[in-house]
2 protein chains.
Amino acid sequence: MLIQMQRRGQNLRASLPFRGRFPWLSMVYSAAANAEDMSVMVETRSPANPLFLRDEELRQGIELMFYAYRDFTFESDQQLKRYQLGRAHHRALYFIGRHPGQTVGHLLSILKVTKQSISRVLKDLLEQQYVEQKSGPRDRRERRLWLTEKGQVLERELTDRQSQRFARAYRETGADAVEGFRKVMLGLLDPAERIEVDKRVRGAGR
Amino acid sequence: MLIQMQRRGQNLRASLPFRGRFPWLSMVYSAAANAEDMSVMVETRSPANPLFLRDEELRQGIELMFYAYRDFTFESDQQLKRYQLGRAHHRALYFIGRHPGQTVGHLLSILKVTKQSISRVLKDLLEQQYVEQKSGPRDRRERRLWLTEKGQVLERELTDRQSQRFARAYRETGADAVEGFRKVMLGLLDPAERIEVDKRVRGAGR
DNA sequence: CTAAATAGGTCAGTATTACTGACCTTGTCA
DNA sequence: TGACAAGGTCAGTAATACTGACCTATTTAG
């Protein structure tokens with residue numbers, strides 16, 4: 001196998017259409033938590049260096065994230081078109097169904113969008129009676145959100161495609177893999193989010 | 001405790017009204033594929049229903065996907081703004097870097113967008129000299145793509161944030177979890193894509 | 001009781017991404 | 001030579017999401 005160093009960026013081309021391996025590594029393994037981590041921070045360019053694997057491994061993660069998300073969203077996006085709705089509507093439906101009676105503010109903190117953004121979506125869903133709202137029992141400024149029956153039906157229809165995808169993946173890979181998946185996904189979150197998300201993910205709504 | 005969330009400029013208070021807990025019961029994995037398929041189709045409203053666990057588990061996966069992707073893209077999106085570029089530019093840069101010398105058509109098949117969509121992005125990147133192209137050596141209709149030095153620098157800068165996120169997650173969870181993560185992510189792909197993606201993910205640029 | 005803060009909505013303007021459809025050039029190949 | 005493939009381009013549309021400014025009810029702190 002030919003591994004070509006690419007220092008100039010120019011010489012690789014022409015002759016090697018699809019063969020260029022990129023040994024641009026370096027880095028990453030962390031801001032050094034201990035001595036072991038330190039060792040991998042050492043500068044190196046050699047393809048023989050185990051660091052290549054590191055970088056390679058991390059890029060695999062990045063790519064899996066891209067590919068999985070791409071396929072994961074595709075089917076329900078198709079379904080949404082039939083209702084003249086978009087992915088944002090699905091997200092809102094999903095999380096309203098997941099946390100019945102939650103406030104608009106809570107929904108915003110999950111989706112991390114602006115209220116102007118959610119506003120359009122919520123308006124559509126309210127108008128078409130997929131969602132209903134009531135003011136909060138204690139604080140009447142709040143608008144608490146619920147799916148209507150109609151909304152529950154739609155939400156299930158949309159989510160089922162994704163659930164089935166997960167069911168297939170989980171079945172094919174087994175319990176240990178699923179546990180690993182769960183851990184890594186939680187590990188990818190912003191640290192500040194983890195506890196909240198872990199709680200939300202585990203303990204349904206309410 | 002007040003958690004201040006101001007990622008997107010809006011003042012989102014974290015009113016966390018819904019902390020309730022559903023006991024996280026251990027997962028039930030029957031090897032029986034048929035029985036499991038049923039579970040996602042069956043109405044599972046009652047917490048007493050054992051199928052509830054199944055549905056619950058699958059929804060956890062869906063949510064982890066949402067949350068992880070949300071946080072995974074956030075940092076590099078911020079960085080991209082400084083260059084007046086968008087996420088689509090990053091994706092193009094990433095995959096051109098990953099598969100140097102690939103054709104436009106190959107890039108399209110990875111991103112799964114239309115050529116009109118990629119066209120704008122590629123035009124920007126070519127104009128700003130992050131990317132360069134050459135016609136294919138055998139088939140001169142093809143345009144093969146490479147990152148320039150400048151493009152490589154930018155791509156690394158953008159990708160590093162994501163790599164570091166993965167590095168942290170991998171470090172915190174360990175090799176077994178990573179392997180499980182990888183398996184599940186591959187399992188989420190459209191079956192028709194798996195072999196290709198697995199190949200692409202493992203063996204850099206072929 | 002009043003003032004400030006909070007929950008939520010709304011108007012206006014902009015940017016990005018991505019789509020469909022039509023049409024074009026260049027090049028390959030049977 | 002003619003069909004077809006790779007790629008580009010023009011035009012129009014839609015969805016998502018952003019900033020900024022301003023508005024109404026309510027709640028709450030001093």
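Helices (H or I, at least four residues) and strands (E, at least two) are DSSP runs, numbered here from the N terminus. On that basis, chain A of this predicted model holds eight helices and three strands. Along the sequence, these elements of chain A follow the order α-α-α-β-α-α-β-β-α-α-α. Chain A has 206 residues, and 54% of them are buried. Contacts in chain A were also sorted by sequence separation. Among those between residues at least 6 apart, 49% join residues at least 24 apart.

Individual positions in chain A were examined next. T73(A) is found in helix α2, which spans residues 51-82. T73(A) has a relative accessible area of 7%. Buried means under 20%, so T73(A) counts as buried. Beyond its neighbours within four places in sequence, T73(A) is in contact with R87(A) and Q162(A). With R87(A), the link is a polar contact between side chains, at 3.4 Å.

K134(A) sits in strand β2, residues 131-135 of chain A. Its C-alpha lies 6.8 Å from that of L145(A), although K134(A) and L145(A) are 11 residues apart in sequence. Leaving aside neighbours within four places in sequence, K134(A) is in contact with E142(A), R143(A), R144(A) and W146(A).

The loop between α5 and β2 of chain A contains Q129(A). Q129(A) is not a glycine, yet has a positive phi of about 55°. Q129(A) is exposed, with a relative accessible area of 55%. In chain B, Q129(B) lies in the loop between α5 and β4 (131-135). Q129(B) also takes a positive phi of about 55° and is not a glycine. Its relative accessible area is 53%, and Q129(B) is exposed.

Helix α4 of chain B covers residues 104-111, and its buried residues are H106(B), L107(B), L108(B), I110(B) and L111(B). The spacing of such positions can be read against helix geometry. An α-helix has 3.6 residues a turn, so residues three or four places apart point the same way.

Helix α7 takes part in packing both between the chains and within chain B. On the chain A side, the contact is made by A177(A), V178(A), G180(A), F181(A), K183(A), V184(A) and M185(A). In α7(B), the partners are A177(B), V178(B), G180(B), F181(B), K183(B), V184(B) and M185(B). By class, the contact has 10 nonpolar, two polar and two charged residues.

Within chain B, helix α6 (residues 149-173) packs against α7(B). The two axes come within 6 Å and cross at roughly 120°. The helices α6(B) and α7(B) are therefore oblique to each other. F166(B), Y170(B) and T173(B) of α6(B) meet A175(B), A177(B), V178(B) and F181(B) of α7(B). This contact of α6(B) with α7(B) divides into six nonpolar residues, one polar and no charged.

From chain A, α3 (87-98) and α5 (115-127) each supply at least two residues, as do α4 and α5 (115-127) of chain B. The largest share, four residues, comes from α3(A).

Of the atoms of DNA strand D within 4 Å of the protein, 60% belong to sugar or phosphate, and the rest to bases. Specific atom pairs fall in both groups. On the phosphate side, a polar side-chain atom of R120(A) lies 2.7 Å from a phosphate oxygen of DNA strand D. The side chain of S117(A) places an N or O atom 3.0 Å from a phosphate oxygen of DNA strand D. On the base side, an N or O atom in the side chain of R141(A) is 3.2 Å from a base oxygen of DNA strand D.

Technical notes: Residues are numbered from 1 along each chain as its sequence is written. Chains are lettered from A and ligands numbered from 1 in the order in which they are written. This is a predicted model: local features need pLDDT of at least 70, side-chain atom pairs count only at pLDDT 80 or more; totals for chains, interfaces and linings use all residues. Side-chain values use heavy atoms; hydrogens and water are left out. Contact means heavy atoms within 4.5 Å. Ala, Val, Leu, Ile, Met, Phe, Trp, Tyr, Cys and Pro count as nonpolar, Asp, Glu, Lys and Arg as charged, and the others, Gly among them, as polar. Buried means under 20% relative accessible area, exposed over 50%, partly exposed in between (1.4 Å probe, protein chains only). Axes are lines fitted to C-alpha atoms, for helices over the stretch in contact, and angles run from 0 to 180 degrees between N-to-C directions. Angles under 35 degrees count as roughly parallel, over 145 as roughly antiparallel, 65 to 115 as roughly perpendicular and the rest as oblique. A residue is near a molecule or strand if one of its heavy atoms lies within 4 Å of it. A polar contact is a pair of N or O atoms within 3.5 Å; within protein, one must be able to donate a hydrogen and the other to accept it, and residues adjacent in sequence count only if both atoms are side-chain atoms.
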